[in-house]
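Subject: Structure handover

Hello,

Here is the structure, with sequence and coordinates together. My notes on the sheet and on one helix pair follow below.

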Amino acid sequence: MGALVAVEGLDGAGKRTLIDGVVDGLRAGGAKVETLAFPRYGHSVHADLAAEALRGAHGDLADSVNGMGLLFALDRYGARDELLKLLADNDIVILDRYVASNAAYNAARLGQSAGGEIVRWVGELEFERFELPVPALQVLLDVPTEVAAERARRRGELDCDRALDAYERDGALQQRTAAVYCELAEMNWYGPWSVHTPGDDTATFAARLTEIIAR
């Protein structure tokens with residue numbers, strides 16, 4: 001069974017860039033590596049319903065924190081068999097977002113900390129009831145919210161399919177989410193975390209992470 005690694009952070013934090021660098025390093029060393037990104041927009045009805053709600057569809061669905069959290073959780077539950085097969089067939093599986101994103105954003109929406117009720121609910125729902133695999137390592141890209149927001153804005157301008165949704169347009173929500181992410185990392189929520197800070201060089205961090213995963 002391979003090792004599961006989840007890379008977390010705000011939209012525009014640079015998750016895809018880091019993942020690409022780590023994957024290249026691991027494969028160059030002979031490791032079998034695959035990746036998977038959540039939410040699975042375009043592949044999961046639950047993810048698509050959530051995306052549509054965040055752009056104004058489906059009445060007041062987006063107003064329900066638990067409702068939106070359940071849709072994102074069901075997206076991952078729908079990928080459980082695929083994820084387990086990837087882990088069985090590879091040395092490393094790296095995820096672009098996972099369960100911690102649900103915990104961080106929902107806690108931020110409710111103004112709760114990482115020790116709040118909604119974070120406990122997400123963990124119990126996804127890891128215990130849905131029996132999703134727990135990561136061997138979770139990586140937080142802790143970048144300034146204004147930097148992540150600007151990257152996400154530019155990305156949305158270049159690709160109409162990635163236009164900002166209600167969460168991404170809410171700067172205060174993004175700041176609260178970043179704070180909860182840091183709390184989750186500090187408490188090693190569901191296993192060990194590693195934090196990439198603004199002072200870290202991305203290439204150096206990718207190489208260090210490659211070594212950690214390889215071990």
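Two strands pair if DSSP finds at least two bridges between them; helices (H or I, at least four residues) and strands (E, at least two) are DSSP runs, numbered from the N terminus. This is a predicted model, in which local features need pLDDT of at least 70, side-chain atom pairs count only at pLDDT 80 or more, and totals for chains, interfaces and linings use all residues. Residues are numbered from 1 along each chain as its sequence is written, and side-chain values use heavy atoms, with hydrogens and water left out.

Sheet. E2 and strand E3 (residues 92-96) run parallel and are joined by five bridges. Within that pair, threonine 35 is opposite isoleucine 94 of E3. The open sheet has five strands in the order E2-E3-E1-E4-E5, with parallel pairing. Strand E2 (33-37) and strand E5 (193-196) are the edge strands, each pairing on one side only.

Helix pair. The axes of helix H2 (residues 45-54) and helix H3 (residues 65-78) come within 7 Å and cross at roughly 150° (axes are lines fitted to C-alpha atoms, for helices over the stretch in contact, and angles run from 0 to 180 degrees between N-to-C directions). H2 and H3 are therefore roughly antiparallel, the word used for angles over 145 degrees. The contact (heavy atoms within 4.5 Å) involves His46, Ala47, Leu49, Ala50, Ala53 and Leu54 of H2, and Met68, Leu71, Phe72, Leu74 and Asp75 of H3.

Regards

Conventions:
Angles under 35 degrees count as roughly parallel, over 145 as roughly antiparallel, 65 to 115 as roughly perpendicular and the rest as oblique.
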